[in-house]
Amino acid sequence: MLKSYRIGRVLGSEIRIHGLFLVLVAVMAGSAFTREDADRALWQTLTLATMFALIVLHEFGHALAARLFGIRTPRITLHVMGGIAELERNPKGSLQEFVVAIAGPLVNLVLAAVLYLGGFWQDNQAPAGTYEGYMETLLLLNVGLFLFNLVPAFPMDGGRILKALVQVVTGERIALLCSVVLGQFCALCFIGLAVGTLQPMLGIVGVFLFAVAATEGGRHPLWMFGYQPRSRQG
């Protein structure tokens, strides 16, 4: 399988890009230039690059929150499903897990709020290819990342937040079980939506979430994808 490649180091964390992510970017960019005129294709490629830059900021939200509790983040990896901040150890207790999990979505929420207060949201959509259009797209991407990551599908942020809250009442083992089961249910919903709407990307997300949730529950390690169970924040 393709491996990940180091592109730099920021705030003590190594930034890596998985080979499949590079393939995805190349395919999407190539498709855009094939189907669209050059200006529109460049705009779509810029939007894609911006989305993954926002994902890196999102992951640094997790990393900096973890640092508050003395947890280092050796690596942040971009892959086809988004990003993973690999923590050196799991947060201890529900409070630490809640803070680390919610920090990523809060980065996107704060960025969206700043852009909204800056007047970059208009009732009529700004033309693509303009500065106003780019800033409005930036706002919408942050809102989308915030909402998507709050889906209670473990091991996404929403699932980890839910686990931290349930853990206060039930203890870690039952909270993990509940989160894994709900995560797999949400994954099946993604797969069902993919079939109903003919959107294969939703199906890929669903399969990925189902498999990773199973791994978190101690089953079916994804060794064929080079997956190694570690402390992670998505």
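Guide: A crossing is left-handed if the near helix is turned anticlockwise from the far one by less than a right angle, and right-handed if clockwise. The model is predicted, with local features needing pLDDT of at least 70 and side-chain atom pairs pLDDT 80 or more, while totals for chains, interfaces and linings use all residues. Residues are numbered from 1 along each chain as its sequence is written, and side-chain values use heavy atoms, without hydrogens and water.

Visitor: In what order do the elements of the protein run from the N terminus on?

Guide: The protein has 7 helices and 5 strands, taken as DSSP runs (helices H or I, at least four residues; strands E, at least two) and numbered from the N terminus. Read from that end, the order is β-β-α-α-β-β-α-α-α-α-α-β.

Visitor: Which hand does the crossing of α5 and α6 have?

Guide: Helix α5 covers residues 157–170 and helix α6 residues 172–197, and their axes (lines fitted to C-alpha atoms over the stretch in contact, with angles from 0 to 180 degrees between N-to-C directions) come within 8 Å and cross at roughly 145°. The contact (heavy atoms within 4.5 Å) involves residues including L162 and V166 of α5 and I174 and L182 of α6. As α5 passes α6, the crossing is right-handed.

Visitor: How many residues of each class make up the contact of α5 with α6?

Guide: Ala, Val, Leu, Ile, Met, Phe, Trp, Tyr, Cys and Pro count as nonpolar, Asp, Glu, Lys and Arg as charged, and the others, Gly among them, as polar. The contact of α5 with α6 accordingly divides into 6 nonpolar, 4 polar and 2 charged residues.

Visitor: How are α3 and α5 oriented to each other?

Guide: The axes of helix α3 (residues 93–117) and α5 come within 8 Å and cross at roughly 155°, and this crossing is left-handed. Angles under 35 degrees count as roughly parallel, over 145 as roughly antiparallel, 65 to 115 as roughly perpendicular and the rest as oblique. The two helices, α3 and α5, are therefore roughly antiparallel.

Visitor: Where α3 meets α5, which residues of α3 take part?

Guide: On the α5 side, the residues include R160, K163, A164 and Q167. By class, this contact of α3 with α5 has 8 nonpolar, 3 polar and 4 charged residues. The residues of α3 are G93, S94, E97, F98, A101, I102 and P105.

Visitor: Is E97 buried or exposed?

Guide: E97 lies in helix α3 and, leaving aside neighbours within four places in sequence, is in contact with P91, R160, K163, A164 and Q167. Buried means under 20% relative accessible area, exposed over 50%, and partly exposed in between (1.4 Å probe, protein chains only). Because its relative accessible area is 7%, E97 is buried.
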